[in-house]
Amino acid sequence: MASHYEAPIRRPLVTGDKSYHDVTVDVAAPVEGKANRSWWIVFTISLVALLWGIGCIIYTISTGIGVWGLNKTVNWAWDITNFVWWVGIGHAGTLISAVLLLFRQKWRMAVNRSAEAMTIFSVIQAGLFPIIHMGRPWLAYWVLPIPNQFGSLWVNFNSPLLWDVFAISTYLSVSLVFWWTGLLPDLAMIRDRAVTPFTKKVYSILSFGWSGRAKDWQRFEEVSLVLAGLATPLVLSVHTIVSFDFATSVIPGWHTTIFPPYFVAGAVFSGFAMVNTLLIIMRKVSNLENYITIQHIELMNIVIMITGSIVGVAYITELFIAWYSGVEYEQYAFLNRATGPYWWAYWAMMTCNVFSPQFMWFPKLRRSIMFSFFISIVVNIGMWFERFVIIVTSLHRDYLPSSWTMFSPTFVDIGIFIGTVGFFFVLFLLFARGFPVIAQAEVKSILKSSGSYYKKLRANQGDDVKHYGVSSSAGSTQPQIAPSDDEKANRLLQKLGTFDPDTQTADDLKRISGVGPVMEQKLHQLGIFTFEQVSRMTDAEYDLLDSITGEFPGRAKRDDWAGQAENLKNS
């Protein structure tokens, strides 16, 4: 019987009988292996959407932004709607990584990498719209204080649009550093498993010389906490400042102090929905069902349910404030939203954002993968409609009835938006092929407390079992083979043959590329001393060796130890 207490409420965050070796192989598989059919299907669709968007952008810049559905009244319209929507989606990445890290939430460890990448790629999409909206993007340097014949030209520091630039660029910078810092151990893992010199060189540069020493891990944890502390206020400030674009104006329906917290809650709401969408896609495309589990999806759905309820309260508060204020312009703005020409957009927003998340109160529904995927898509559609309603319905009917007009997007508007969606997924899918989407070191840190494999080991052998045979007895500096691996070692020697020190001479196994002093010592402990023994290895023996040593799994097979040993034996 196990000598410890297992909490019955807490379900494992890693399913399946996963060992450290299994985690390494599973995390590295999408990077090292070939893309499967699902990946190619999604990538092709995304690439077609991106190419369509590029064509629309070229047409816009060459012709002018008059090809959009802009008019004098609704002059923000489609592009600013999409800008705010993308910024909101990028919100949850830093929240999951930074805030949940500070609160030591273990369930973040399988989802934070995808969330952080989502933040970077979403902010890139958001930044495209103001640049295109300039009309002449090649003159963007005019916003810099460059000396000229009239003196230095400075931007208007009183404008909330400029505050956006500072807030979002800071947010992007901190998020990028935070994301890359977390990637370092995994990039080093891919570097150490690399077969070709070019791949090894590329990942050596990307991993910044990570060696895995205790000092590296100490600095890693310190920097992660500092960056999390910097990023946490940004989670609140970025979308607060975006809301100032509207709240500092005098437009009915905009000039309200509820906008900052309301926008932050909406951004977290839409961000978590997009993370959920990506996680459900990635667990299928990259075969990560054992790491991105039903429990992760359920916890994400609980956050979506809570933030959706907060957004619903904000909607009701807006209506109450407009009625209670007694200002007829405010009252008409909200009446026009619900019953005017754009009533369909308002009620689509209410249905998607307020009513649909309430289904997550039912455990059976929030644990359903397909239903969660459907609701996450619905929420993102609803949050897009929220931005559309706030911007368009407040502008298309202002104080002067003679200037009232209707806005409708053109095919160029729609094409650019679809192009950014395609661009986002192209970047994310390429990221999933070039970088590990699961933080393998962090997952391993919770494996013993959540994996079925280790629960069985504890139940059978007690808490003193050391994984992969690394003994911690005092004064011992030599790697030892665990007692549970004796049977595997005997099977291995039955196939490779035994070494007789009286009649045979041990070879220098370090001459085999990929075998260092530590690995040679482990091979000696297993009873492997000669090139003759190594040359008999096949795929089965490689796998057996990996399962015993746990050192750089797959390397023996990739480096063809048997072939090398055969050549060395003959020479």
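Trainee: What makes Arg367 and Glu298 a salt bridge?

Mentor: In this predicted model, the closest N and O atoms of Arg367 and Glu298 are 3.2 Å apart. A salt bridge needs a side-chain nitrogen of Lys or Arg within 4 Å of a carboxyl oxygen of Asp or Glu, so the pair counts.

Trainee: Which parts of the chain does that pair tie together?

Mentor: Arg367 lies in the loop between α13 and α14 (369–395), and Glu298 lies in helix α10, so the pair ties together parts that are 69 residues apart in sequence.

Trainee: Why is Arg367 called partly exposed?

Mentor: The relative accessible area of Arg367 is 39%.

Trainee: Is Glu298 buried or exposed?

Mentor: Glu298 has 6% relative accessibility. Buried means under 20%, so Glu298 is buried.

Trainee: What makes Glu298, Arg366 and Arg367 a network?

Mentor: Salt bridges link the three residues. Besides the pair with Arg367, the side chain of Glu298 meets that of Arg366 at 3.0 Å, N to O. Here Glu298 in helix α10 (residues 294–325) is linked with Arg366 in helix α13 (residues 363–366), 68 residues apart. Both Glu298 and Arg366 are buried.

Trainee: How do you know that Arg387 and Glu386 form a salt bridge?

Mentor: Their closest N and O atoms are 3.7 Å apart. The cut-off is 4 Å, so the pair qualifies. Arg387 has a relative accessible area of 3% and is therefore buried, and Glu386, at 1%, counts as buried too. The structure holds 7 salt bridges.

Trainee: How many disulfides does a search of the whole structure find?

Mentor: The search finds 0 disulfides.

Trainee: Why does Cys56 count as buried?

Mentor: Cys56 has 5% relative accessibility, which is under 20%, so the residue is buried. Cys352, at 12%, also counts as buried.

Trainee: Which elements give two or more residues to the lining of the largest pocket?

Mentor: The pocket holds about 1,000 Å³ of space. The elements are α3, α5 (112–133) and α6 (160–193). Helix α6 gives the most, with 8 residues. By class, the lining has 20 nonpolar, 5 polar and 2 charged residues.

Trainee: Why is Ala77 called buried?

Mentor: Ala77 has a relative accessible area of 0%, which is under 20%, so the residue is buried. Ala77 lies in helix α3 (residues 77–89). The phi of Ala77 is near 50 degrees, a positive value in a residue other than glycine.

Definitions and conventions: Residues numbered from 1 in each chain as written. Predicted model: local features only at pLDDT ≥ 70, side-chain atom pairs only at ≥ 80, totals over all residues. Heavy atoms only, no water. Helix = DSSP H or I, 4+ residues; strand = E, 2+ residues; numbered from the N terminus. Buried < 20%, exposed > 50% of the residue type's maximum accessible area, 1.4 Å probe, protein only. 1 Å grid on protein atoms, 1.4 Å probe; cavity = no way out; pocket = protein on both sides within 12 Å on 5 of 7 lines; lining within 4 Å. Points joined across faces, edges and corners; volume = space filled by probe spheres on them. Nonpolar A, V, L, I, M, F, W, Y, C, P; charged D, E, K, R; others polar. Disulfide = S-S within 2.5 Å.
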